[in-house]
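Me: I am new to this structure and would like to be taken through it step by step. Could you show it first?

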Protein chains: 2
Amino acid sequence: MAQQMEIICVGNELLIGKVVNTNAQWLAKRITTLGLSVNRITVIGDSVKEISAAIREAVRHKPQFIITTGGLGPTFDDKTLEGIAKALSRPLEVNPQALKMVEEKYRRYVEEGRIEKIELTPPRVKMAKLPAESNPLPNPVGTAPGVITKSNGVTIIALPGVPSEMEAIFDKSVAPLIKRAAGNVTFYETSIDVDEIMESDMAPLIDRVIHDNPYVYVKSHPSRTGEGKPHLELHLSTTAENSTTAKNRVSKALIQITELAQMKGGKTKPSKTK
Amino acid sequence: MAQQMEIICVGNELLIGKVVNTNAQWLAKRITTLGLSVNRITVIGDSVKEISAAIREAVRHKPQFIITTGGLGPTFDDKTLEGIAKALSRPLEVNPQALKMVEEKYRRYVEEGRIEKIELTPPRVKMAKLPAESNPLPNPVGTAPGVITKSNGVTIIALPGVPSEMEAIFDKSVAPLIKRAAGNVTFYETSIDVDEIMESDMAPLIDRVIHDNPYVYVKSHPSRTGEGKPHLELHLSTTAENSTTAKNRVSKALIQITELAQMKGGKTKPSKTK
């Protein structure tokens with residue numbers, strides 16, 4: 001399959017393990033459900049050099065989209081737009097439309113009594129400094145707008161790191177673009193739990209199902225039950241042109257793997273996780 | 001700072017957002033605490049081509065270590081060792097020591113009555129097929145051994161994706177290597193919460209503290225309180241040759257940022273998260 005999407009998460013807090021990368025999971029799930037594949041997720045620190053290197057490497061893979069998270073705020077270490085500008089060899093410049101969005105936010109903060117007057121201080125103007133030839137994406141929740149631009153046929157979208165802001169901009173401005181790029185493709189997934197059979201014994205059975213169902217992706221997730229017995233979750237998924245085809249494909253593989261597991265003495269039941 | 005560590009997580013379940021990448025967070029936190037910096041985390045799918053490309057790119061960055069997670073099991077889609085072998089242009093071959101480890105595990109499973117006899121089926125032998133010039137790392141919890149090898153001065157370590165197995169191999173065999181590579185370097189971190197001041201107003205104050213404390217890394221994490229008021233968590237961290245120096249450095253920066261925030265009308269208190 002062609003490269004479709006790369007996600008680049010910017011933030012030292014991710015590299016020191018201070019926080020778990022829920023943004024990457026949220027985006028990956030939404031994008032998959034909308035019908036595109038995420039091919040790679042990259043996490044790098046708040047450094048212009050690291051960000052620009054990661055963007056350049058991702059552009060070289062020629063995905064349809066690159067989405068970044070984090071580093072759009074007003075502080076010194078919010079460097080994502082500088083990194084993107086460097087990667088694309090473009091200047092950073094104040095975007096009038098973005099500046100209007102930022103100003104509008106502070107106007108509302110004044111109305112709400114949170115600040116006394118609108119002062120477009122350098123940290124505030126910074127949020128409106130975009131790489132040349134970019135457009136801002138409105139932020140329904142916070143102050144810093146998202147950013148969208150194109151380079152060599154790759155659409156690059158920068159979203160904030162605060163989850164509520166990232167999700168709001170994605171849903172409003174990015175999801176429709178992805179849906180259009182995906183066309184009518186649908187994703188379908190299901191899981192079953194298999195007990196009392198070891199993963200190494202299930203392996204040849206899974207191989208047979210994969211062979212017989214070339215469009216279904218089957219993955220086994222081993223773990224232990226409380227009593228130390230082997231426990232497997234089998235996750236089956238596919239993308240297809242419509243939901244009926246997708247569901248039928250997965251169902252056929254599910255029936256086959258269930259029968260094979262039971263023939264080998266495995267106990268199966270629908271999985272609680274999706 | 002030189003490149004020290006890259007983490008590569010293998011697994012389609014991460015790219016479709018089925019699971020959140022807790023392995024990356026666990027590793028990043030442990031490695032940081034042991035005194036090395038994680039420079040990049042990459043997530044790719046269960047594809048030999050993707051894995052070998054990611055390994056090659058990481059080797060080109062010349063970190064001291066590359067740690068991979070996932071893809072060491074017995075099933076067809078466990079492809080990490082094949083990907084590493086391809087990246088390093090080495091054959092995969094049965095490693096006698098690894099085969100002994102796998103055999104020993106199944107001997108124990110027979111003793112525990114979980115299987116009837118030791119049969120070294122192809123899926124089981126697969127777990128002992130390592131890239132040439134590698135060594136296995138004992139798995140105290142599960143079946144598949146970890147793997148360690150070197151290429152162009154980069155130590156490459158492959159760990160399983162099941163968290164309990166990954167963590168057990170890391171603690172037993174990998175942590176001592178990282179500790180030795182880090183020397184006496186210690187990591188220290190602390191956080192304070194700042195309320196009633198906007199991030200854009202804190203930005204110039206943070207810049208001043210960063211300027212005055214070049215070895216302390218300061219990062220602001222904005223969010224909202226329930227009442228919609230601005231709330232900031234400031235995270236301060238450093239690595240130093242000993243814990244006293246590290247603590248003193250962070251404390252000095254903490255006092256300065258607290259005073260500056262209070263002068264601007266901010267309310268500060270120690271953060272609940274670390």
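Reply: What follows is a conversation about the overall build, the contact between the chains and a few single residues.

Me: What kind of model is this, and how are residues and chains labelled?
Reply: This is a predicted model, in which local features need pLDDT of at least 70, side-chain atom pairs count only at pLDDT 80 or more, and totals for chains, interfaces and linings use all residues. Residues are numbered from 1 along each chain as its sequence is written, while chains are lettered from A and ligands numbered from 1 in the order in which they are written.

Me: How many helices and strands does chain A have?
Reply: Chain A has 9 helices and 12 strands. Helices (H or I, at least four residues) and strands (E, at least two) are DSSP runs, numbered from the N terminus.

Me: What box do the C-alpha atoms of chain A fill, and how much of the chain is buried?
Reply: Along the principal axes, the box is roughly 70 × 40 × 35 Å. Of the 274 residues of chain A, 52% count as buried. A residue is buried if 20 or more other C-beta atoms lie within 10 Å of its own, exposed if 12 or fewer, and partly exposed in between, with C-beta atoms placed from the backbone.

Me: Which domains does chain A have?
Reply: The assignment gives domain 1 (5-182) and domain 2 (186-270); such bounds come from an automatic or database domain assignment. Taken over C-alpha atoms, the centres of the two domains of chain A are 37 Å apart.

Me: What stands opposite T42(B)?
Reply: T42(A) stands opposite T42(B) in β2(B). Strand β2 (residues 38-44) of chain A pairs with β2(B) in the antiparallel sense over 5 bridges. Two strands pair if DSSP finds at least two bridges between them.

Me: How many residues does each chain give to the contact?
Reply: Chain B gives 50 residues and chain A gives 50 residues. Two residues are in contact if their C-beta atoms, placed from the backbone, lie within 7 Å. On the side of chain B that touches chain A, the elements giving two or more residues include α2 (22-34), β2 (38-44) and α8 (199-212) of chain B. The residues of that side divide into 23 nonpolar, 17 polar and 10 charged. Ala, Val, Leu, Ile, Met, Phe, Trp, Tyr, Cys and Pro count as nonpolar, Asp, Glu, Lys and Arg as charged, and the others, Gly among them, as polar.

Me: And what about α8 in chain A: which of its residues are buried?
Reply: The buried residues of α8(A) are E199(A), S200(A), D201(A), M202(A), A203(A), L205(A), I206(A) and V209(A). The cover over them includes β9 (186-195), β10 (217-224), β11 (230-240) and α9 of chain A, together with α6 of chain B.

Me: Where is L254(A), and what does it touch?
Reply: L254(A) is in helix α9 (residues 243-263) of chain A. L254(A) counts as buried because it has 21 C-beta neighbours inside 10 Å. Not counting residues up to four places away in sequence, L254(A) touches T190(A), I192(A) and L236(A).

Me: How are β7(A) and β8(A) joined?
Reply: These strands run antiparallel, with 5 bridges between β7(A) and strand β8 (residues 154-159) of chain A. I148(A) has I157(A) as its bridge partner in β8(A). The two strands form a hairpin with 2 residues between them, and N152(A) in the turn has a positive phi of about 50°.

Me: Where does N152(B) lie, and is it buried or exposed?
Reply: N152(B) lies in the loop between β7 (146-151) and β8 (154-159) of chain B. N152(B) is exposed, with 9 other C-beta atoms within 10 Å. Although N152(B) is not a glycine, its phi is positive, about 50°.
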